[in-house]
Structures are given as structure tokens and as C-alpha cells.
Number of protein chains: 2
Amino acid sequence: MPSFLRSYFPILDWSRSYNSTTFTNDLVAAIIVTIMLIPQSLAYALLAGLPAEVGLYASILPLVAYAVFGTSRALAVGPVAVVSLMTAAAIANLGITDPGHMVVAAITLAFISGLMLMLMGVLKLGFLANFLSHPVIAGFITASGMIIAASQVKHLLGVQAHGHNLYELLISLVRELPNTSLWTLAVGLPALVFLFWVRKSLKPSLIKLGLPARAADIMAKAGPVAAVAATTIATAVFQLDTKGVATVGSVPQGIPPLSLPSGDWGLWTSLAGSAFLISVIGFVESVSVAQTLAAKRRQRIDPDQELVGLGASNIASGLSGGYPVTGGFARSVVNFDAGAETPAAGAFTAIGIGLATLFLTPLLFFLPKATLAATIIVAVLSLVDFSVLARTWRYSKADFLAVFATILVTLGFGVELGVSAGVGLSIALFLYKTSRPHMAVVGQVGDTEHFRNVERHSVVTCPKVISLRVDRSLYFANARALENKIYDLVARQREAKHVVLMCSAVNEIDASALESLEAINQRLADFGVKFHLSEVKGPVMDRLRRSHFLQQLTGRVFLSQFDAFAALRA
Amino acid sequence: MPSFLRSYFPILDWSRSYNSTTFTNDLVAAIIVTIMLIPQSLAYALLAGLPAEVGLYASILPLVAYAVFGTSRALAVGPVAVVSLMTAAAIANLGITDPGHMVVAAITLAFISGLMLMLMGVLKLGFLANFLSHPVIAGFITASGMIIAASQVKHLLGVQAHGHNLYELLISLVRELPNTSLWTLAVGLPALVFLFWVRKSLKPSLIKLGLPARAADIMAKAGPVAAVAATTIATAVFQLDTKGVATVGSVPQGIPPLSLPSGDWGLWTSLAGSAFLISVIGFVESVSVAQTLAAKRRQRIDPDQELVGLGASNIASGLSGGYPVTGGFARSVVNFDAGAETPAAGAFTAIGIGLATLFLTPLLFFLPKATLAATIIVAVLSLVDFSVLARTWRYSKADFLAVFATILVTLGFGVELGVSAGVGLSIALFLYKTSRPHMAVVGQVGDTEHFRNVERHSVVTCPKVISLRVDRSLYFANARALENKIYDLVARQREAKHVVLMCSAVNEIDASALESLEAINQRLADFGVKFHLSEVKGPVMDRLRRSHFLQQLTGRVFLSQFDAFAALRA
């Protein structure tokens, strides 16, 4: 079998060693994930502003597609909170309110996002995701969690409220407070309290009762199903739907429909930006879960092939009435803990959700939206974590600034601007820092061959020789700073006859910096000062040889700063 | 006198040592620059699509303002080719054709640009200009020169042609070729040939005739004045203006009018982007001339105060009927060579142009536009220099790509997109490079304390110790690449018990990279491998101490790689 086939279809690889033990393990994990996924898929569709069945559809074919193309053995793909929120924001940007049009927009969004992910995977553009720094992601997830929680409060209260940032949402909620439906609150509040209790206290209680830790953990994850069952039965028995409690209502029964993305090119271009953000955010979240879980079993995942896998999932979602999906954190951990060994577990989960779509949907008629909202609130509040602010404040003010801006802009202006601002600011701060490189005049440490900053260490120097270490690669944005520094040093140290530029930290010299070095060499020659280099790295030297600089250089290139200092002080 | 006053008003500094010798030198330089500037200011106004007098107005008060606020002793401020072309493009973007409105737009553009420059100066944002790399500037100037030359051919032919990129211009010219005015060509072509001869051959001829080189050089610079005088007289005598030769026509006589920028906020916002580009390009051109000339006399200029000086000039231009100005290359060199010693030379030039505006404007009635076009073509063709393509191709493909894209986009889509594409691409390429750092496994060079790349040098290694040098600062975009590299190395070298990360080239570790280091440390510990650092720079170490990383580190931090290798191989 050609290896490129195996690399694009990882299923060909793992399926060869598939046996009955693997099958049993995958099946058990799939059953547990299915139970967890049913309420989640309904709830996240609600969060995205879409009909409940769209969440179910997004949990069938996309999982099968990932099983064929994905490289993670444990990733559980499907609707997730942050991507659902971003889908809601993308659809809101279009200004459409007709439910049918919204579904078409969601399908198209999944399809475009799938194509983008697939393309990025084939072109090996996975590195683009690295520009989302850890602090920016942490800030974005925290702020998104707050917005998501706030957006669900209206379902608990049984009121109408709108807004895609925290401010709009809170204003809208406060205004609607007098219209609160007490019956709805009577359903939602107990569900919320119950779910919080399940998350906080159920697992320790079960362990105390003698259950093994892993089983207790998995049981605790089934809490939402219990809440769904209890509130659905209560609503049906007491006919709460006639008393103002909003329910999911009738959900079409049957397999996912074949759907096609919209043929309206205008819709494609309006959604492209949102699709790109959703793709990148979805990929980053997914790949970090996948990597964490893979490392625990000393497996590796291939990030570029993960792009292909998630791309295939989203294309499948767009073709089967779903909306954008990605790998979910909590769900993947459950899948892993429950013993999933191959992506086949995902395919089995898809069968489970498919059966639910065929047979269980009539039971969802009386499921209160307030219960789903409670599930979402409990799930996302665990995402909210402001400790990143304190950590970055202590460690690096630039990182703090990036995370602070991400949180503030996300809360104030919504998810799309928030993540863009975070990425933009972290790149701008990085460029700013590289444009002001740290430079240190160095001297010899005692009798060693080491040279260190004269301001930090007690070192030997010589008035005839200025040794300057520049702590950055030289490129267009900082070349002029080097020129200025050297002219200043030479102007202050009149007896200097040699300037040695110690290049141990210079990993590159671009064409602009080369021009600056030529200018420095020329100008120092006018002052009667020779210009030398030391500790030039191999790749940098190779490149300098391709220019005329080394011929023009008035001084020499020394292998080490020690050699340079020894030769020139003499 | 408070020093902040002297730093914001450099005139307070140099005026104290002003004496009669300085005065005479400045005056002589001013007379020569005035003679050169009269035809240039008219020609560049024509290039900007503005009435001729606007060029004169832009050469009076702006020069006085620069004399007060500027730090360069030799810079000659006024209308220049590239900025005039950018002004034309900015006005064309507005889609207005009424001459009166165009003048208001030009005045407003100068005013906004002046405010921006002033603000950047006060906020010390001069470093922003460093993001225009040398190759991008070289490519931009070359492409602009070609567009400017092509845009002037219509005046030589006496036809109408439009377009702000080379393609549009050439198509338009070819289409208009049959309408060529032969009388216009009969004036313009000889002027063009004469000016080329002056530039190429007059100076050597004069030197042969016994003139000193400097005088010959300055005489050669007066060529355009001769061409202007000859063709104006010919047009007046033979009444060529009635035969289809377009002339400058009546120019208002008198001092510059007091003008105010438009109060239309919509116009301000439409012009803001163009004003920013004009400000940055104008500043970069100007500051590089100023620095080159200052260095020749071992003077220094202050780039941030230069922003204030150019800002004041442009505000003055906007208040006196002018358009955006900056320091011109050729003109400043003439000023310098003619002996200008202080910015007062600029103020004297302003008086010269003021007198011309008062008394000489009637003489300009018969000045053919074809002559001005010939002046521009000869001046800008010297800017066209494709050698930067060959140089960067040899030295660095990334720089080549940036300059190539700049030239192509400028020629194909105009100046504003061209320069934006160049800057955008060079930043993107820089980010791409930093996201894929060079990493080398290193070993000890013989008995020295040096460690070099095992693939380039014959070095000593030890199977128990993996020493990896990373040749970049660690930050969000490359942190994951380091993780992957280390896991790969450890997977391949099963007997490894220690990984030493040699940080001699690591100038910074941001919060994302810190998380990656923590992950590496943790995961290596799981494999039974200890993680060490060596040659950590002072500022990096200071920062690591503010995190928990050093407490968690399974290995040690060694002062040098030599110490690390000696301790761990034992």
C-alpha cells in the first residue's frame, strides 16, 4: 500500500490490527459518549440558534468522516460550546432571522469551514494555528464561556434576550427580568442546582459508596441525561408547556437529510471570514486535546492530517444537515477514560446518535429548553478561568496585555473581534519587541572563554576593543537600532580601534540588516575603527558568503569571541 | 533654557552659533536650490494633478517650518516625485474631478499627514518606519519611478491619458497615440533629449573646460531652468499655445493664500489611510537622506524630532495652499554640496520661492507642460533600479519575494496597494521564518569549550546526552516546533538520559513558550529523561525566576554548555 494513502487515510493503518478486544473497548466507550452527547448536541444547537435536530445531525456523519481521516485515537468530534457560539455570531452577522435561512447558513458555514481545513491540511498550513498564542486562547475561552453562560440565562428565565457581547446580553436580560416565567424558572433552577451538585459532589459520594473511581467519574458525566429525563417527564405530566415553559417541541424523526451548501456566492463571501476563524479556533482546541491524550499513551498525532480529518468532518456535516463541529475537550476525555482505542469508537457513537435520531426524538417533545440551558451553563463555567491574567502579569507584561485585550474585546465586541484582536496584538507586540533588540557590551569572565554583559558580571575589558553582543536576529525592523547603538558606543569610547559584533544570538541577517552592516563597516572605516564579527553561525556565514560584505569587511571573522578578544587586545 | 525646549525647537540650538560665515554659506546654497526648485515645484504639482501654483506654495512656508523644527542641517524640504504621485492616487481614490475640490483635498491631505507625523514624533513612534525594509523601499521607488515616467508621456505627446498603474497608463497611451500633437512633441522631445544630455554629459564637459568639479555639478543641476526658459520663449515667440501646445497658463501672482483644511469629516476619514502611507513613505525617504548627509559631517539627526519637523512642514503646507511635502533626495544633496550649514538655508530658499511667486509667475504663462514632463521623466528615471532584484535573489529569497511583490503590485495596482503589499509580505515572511526556527544538535569541538552543529563540524557527543541548540527566541509561533523536535530526538535516541537545551541564542521565552517548556519537562520526566538548560541569558533567567518552571525542572541550569556536557556525560 503506498504510504501517501496511509498518511491521508489513517484508517488503513489502525484497521489492520483491529480485533475483538479493541472492538469491545471501543463499543463501551461509544455507549458512554453517546449518552453524554445526546443532551449536549441538542443544547449546543440551541446555543447556535438552530433547531435541536441540527445538533443531532452534526453528531452522526462528521464522526464517521473523522474515523476515516483523523489521527487521534481518542478525539470525540461533534458540536462544542465555543464553535456553537461562533456559529451563532456568524449567522447573526448576516442579519437573517428566518429559521430556514439560518439552517442553510449553518450548513454552508460548516461546508466552507470544512473546505478551508482540508486545504490547510493538504498545503501543510497547520503552523498558522501557532499564531494563536496560549494566553490568547486561554483568554478567549474564558471570555467565550462567560458570554455563553450569559446567553443561556434567558432560557432559564423564559424570556427573550439578544446580544452577542456581554454588555448587550446583560442589558437585555435586566430589561426582560420583569417578564420572567416562574414555571420555567421552577424547572430550570433545580436542574441547574442538580447539575452543579453532580459536577462537584457526585463523584466523591459514589466513591465513598464503594464505586471504582473511573466508574464514578463516568456516572457523574451522565448527570445531564438524568436532568433531561426528570424535567421532560415533569413537563409532560404537569403539562408545563401550556404554562409557559418553552420545550424543544417536535423534532423530525429519521436519518439526517442530504443537504447541500447554498449556491449563493454572496453568502459564501460573507461567511468566509467567520468560517476561517471557526476553522482555526476549532483546530487549535481540537489538536491540543488530541495531543494531550496521545501523549498519555505515548502515541503521536499528525497536526496536518488532523486538519484533513476535521475538514472531512465539517464537509460531512455540511452535506448532512449539520453545522460546524470540532473535537470537544470534555467529551474526548470521557472517550479516552472509557477506554476508546481507535477512531472506530467515534463511528460507533455515530451509530448510537443515529439510532437516537430514529427512535428517541418523539420523547424530546416535552424536553424544556431551560434544562438544556442549565447543561450548557454548568459545562461552560468550568471553562472560565481568570488565573491566566495573574500568571501572565507576573511572567510577562506583553503576554498579559494580549490576554487582557482578548478578554476585554471578546466580552465587549463579541468572539470574532475578540480573537482577531488577541492575535493581532500578540503579533504586534512580538514585532515591537524584535524591533528593539537587547544589546549588551560584553567582557571576559575571569580566565574562562566566556563573555558576559559588563553590567551584570565582573569581567575583563580592553579600552581598544568594543565587544557588543546583539541578542536578536538582525532584520529590517531592528537593523537601524544596531547602527545607532554602535555609533553611540564608538562616539563615547574614543580610544576604541576595534568593534567586535558577537553574533552568537544572531540566527539570521536579512538584506536590510546586511545593508546596515555594510554602512557600519564603511562608517567605522571613516573613523579609523575596524569592524569584526565573532561566533557567526553556520547558516548565517553561508549567506554572508553570497554577498560582497566579507570582502569589504575591514576586520576579520573570528570563530569565537575569545579568539577575537585575545587577538585584538594584543 | 529648558532642554525639552531645545529638543523640540532645534533652531534654539543652532541659531546661537549663527554668524556671518554661516549666513553667506546658507545664502549661496539657498540661491542654487531656489533655481533648481522653481521648475521642480511646478512639475511635481502637475504630477499630483494640481495647479502649478500649489507646487510653489508647498515650497514656501513648509521650508520655514522645517527650519524651526527640523534637525538635519542639509535637508531640502518641498514637493517630491513619489509623494506627488501618492497625492495624485489619494485624490483619484476620492473620485472627484473638480479642480477646486481637488485642491481642497490636497490641502486637507497635507494637513492630516502633518498631524500624523507630529503625533508620531511626540509619541516617539519613529520606529514604525523600520518596518519598511530596505528592499521593499527600493522596489517601491523603482516601480513608482516607472509609473511616474509613464504618467508624464501624455504631456510629451499632448494627449489625455489616465490610470494609476502602469497597465492602465500604457493601454490609455497606446489608444491616444493617433491624437499626438506634433507641435507639443516638437517642444517636449528636444527638451527631453537636452535634459538627458545635461545629466549624462554636461558635467564632464564643463570639467574639461576647466571648471571646478563642484561648480560643474551645480551648473548641470540648472539644466531644467535653461530648458524651461528656452521652451517658454519659443512658445511665446511662435505662439505655439494656439497650435495645441498645452502651457501652464495664468498663475495667480502673490504670496500664498491662508488656507484651511476641509471641515468635512467624511473627507478626513477617506483620506486618513492615504495620509498615513504618505507620512511613512515621506518620512523614510527623508530620514535616510538626512542621515546619509549628517554622517558625512559626523553630525547626528534625531529621527523622532524629524517627524515633528516634517509634521510642522506639512501642517504649514496645509495652511498655505500647498500639498504634502517631504525632504527630497537630489535637492538635499545639491543643498549640501552647495555648502548649506544650517536649516536657515531652507528659510532663505523659501524667501527665493516667495519672490518668484510674487514677481515671476506672469513669465510662466507660456511654459509648456511638455517641458515640465520632460524634467520629471529625466529626474525619476534615475530612481529606477532593478539591481535590487538580482542582489536579493542571490542573498535571500524571502527578501527577493518581498521586493518582487512590491514592484509587481505597485506597477499593477498602484502605489498604495504596492507599498502595503510589500510591508505586509515582509512581515508575514519574517513571522513565517521565526515560526520555524533553526535547531541544531551540538557536540564539543575537540578540547575547546565550543559546541557546534554535529552535521557541520567534527565534534564529540555522548549517547546519554542530547544537546540541542535552538537558534531563535522562543515564542508562541515556534514553541510547538521545539516540543516536536525534542520528542522526535528522544524517540530516536533511546539511550538518552539527559536533554540539554542550549539557550545561547534564546533572547526571550514568552508565556506560550514557557508552557511548552513545562510540557517538555513533564513529558520527558514520564520517559525517565531529565531536562536541563545551558547558557541562559540574564534577562531570560530573570524572567524564568518569576515562574514556577525552575522549581519543577527535573534537571539543572548550567552556566555553559561545556559545564553541562562535562557534568552529564560523567
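Between chains A and B, 46 residues of chain B are in contact with 46 residues of chain A, contact meaning that the C-beta atoms, placed from the backbone, lie within 7 Å. The model is predicted: local features need pLDDT of at least 70, side-chain atom pairs count only at pLDDT 80 or more, and totals for chains, interfaces and linings use all residues. Residues are numbered from 1 along each chain as its sequence is written, while chains are lettered from A and ligands numbered from 1 in the order in which they are written.

The helices tabulated here each supply at least two residues of the side of chain B that touches chain A; helices are DSSP runs (H or I, at least four residues) numbered from the N terminus.

| Helix of chain B | Residues |
|---|---|
| α8 | 134–157 |
| α18 | 387–395 |
| α20 | 415–435 |
| α22 | 511–526 |
| α23 | 538–545 |

The greatest contribution to this side comes from α20(B), with 6 residues. By class, the side of chain B that touches chain A comprises 15 nonpolar, 16 polar and 15 charged residues. Here Ala, Val, Leu, Ile, Met, Phe, Trp, Tyr, Cys and Pro count as nonpolar, Asp, Glu, Lys and Arg as charged, and the others, Gly among them, as polar.

The same surface serves both copies, since 100% of the contact residues of chain B recur in chain A.

Note on methods:
Contact = placed C-beta atoms within 7 Å.
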